[in-house]
Amino acid sequence: MRITCPYCGARSSHEFAYHGDAAPRRPDPADADAFHAYVYERDNVAGVMDELWYHAGGCRRWLTVTRDTRTHAITEVRFTATRFTATEAAE
């Protein structure tokens, strides 16, 4: 699979680190039920979804990739508007 980075151009997916679904937002860990749902209860979408990818082997930017999980067809790649801290990226 090739991902076209807006900065670096088309690259192998091996240059990127997959972070998962771009939709969930981390809740406050003090809310145990919400935090449990965030960690363990993810949808396994069969179709088009937005995903977070980190271009570790290139520009080191976070990207939001719109991809069909059934065919791996990528329809859009854009820089992620939200910046992540090192702690959030490791999760």
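The following legends describe close-up views of a predicted model.

Residues are numbered from 1 along each chain as its sequence is written. In this predicted model, local features need pLDDT of at least 70, side-chain atom pairs count only at pLDDT 80 or more, and totals for chains, interfaces and linings use all residues, while side-chain values use heavy atoms, without hydrogens and water.

**Figure 1. Cysteine sulfurs around Cys-59.** The structure contains zero disulfides, a disulfide being a pair of cysteine sulfur atoms within 2.5 Å. For Cys-5, the closest cysteine sulfur belongs to Cys-59 and is 3.6 Å away, which is too far for a bond. For Cys-8, the closest cysteine sulfur is likewise in Cys-59, at 3.9 Å, again too far for a bond. Cys-5 is buried, because its relative accessibility is 2%; buried means under 20% relative accessible area, exposed over 50%, and partly exposed in between (1.4 Å probe, protein chains only).

**Figure 2. Pairing of strands E3, E4 and E5.** Strands (E, at least two residues) are DSSP runs numbered from the N terminus, and two of them pair if DSSP finds at least two bridges between them. Strand E3 (residues 17–21) pairs with strand E4 (residues 48–54) in the antiparallel sense, over four bridges. Within this pairing, Tyr-18 has Trp-53 of E4 as its bridge partner. E4 also runs antiparallel to strand E5 (residues 62–68), to which seven bridges join it. Here Leu-52 has Thr-64 of E5 as its bridge partner.

**Figure 3. Aromatic pairs.** The whole structure holds four aromatic pairs. Rings of Phe, Tyr and Trp (its six-membered ring) pair if their centres lie within 6.5 Å; planes under 30 degrees apart count as stacked, over 60 as edge-to-face and the rest as tilted. Phe-16 and Trp-53 form an edge-to-face pair, because their ring centres are 6.5 Å apart and their planes meet at 85°. This pair links distant parts of the chain, 37 residues apart: Phe-16 is in the loop between strand E2 (9–12) and E3, and Trp-53 is in strand E4. Both Phe-16 and Trp-53 are buried. The rings of Tyr-54 and Trp-62, with centres 5.1 Å apart and planes at 45°, form a tilted pair. Tyr-54 is partly exposed, at 22% relative accessible area, whereas Trp-62 is buried, at 14% relative accessibility. Ring pairs also join Phe-16, Tyr-18 and Trp-53 into a cluster.

**Figure 4. Arginines over aromatic rings.** A charge sits over a ring if NZ of Lys or CZ of Arg is within 6 Å of the ring centre and within 35 degrees of the ring normal. Arg-42 lies over the face of Tyr-38, 4.7 Å from the ring centre. Arg-61 lies over the face of Phe-79, 3.8 Å from the ring centre.
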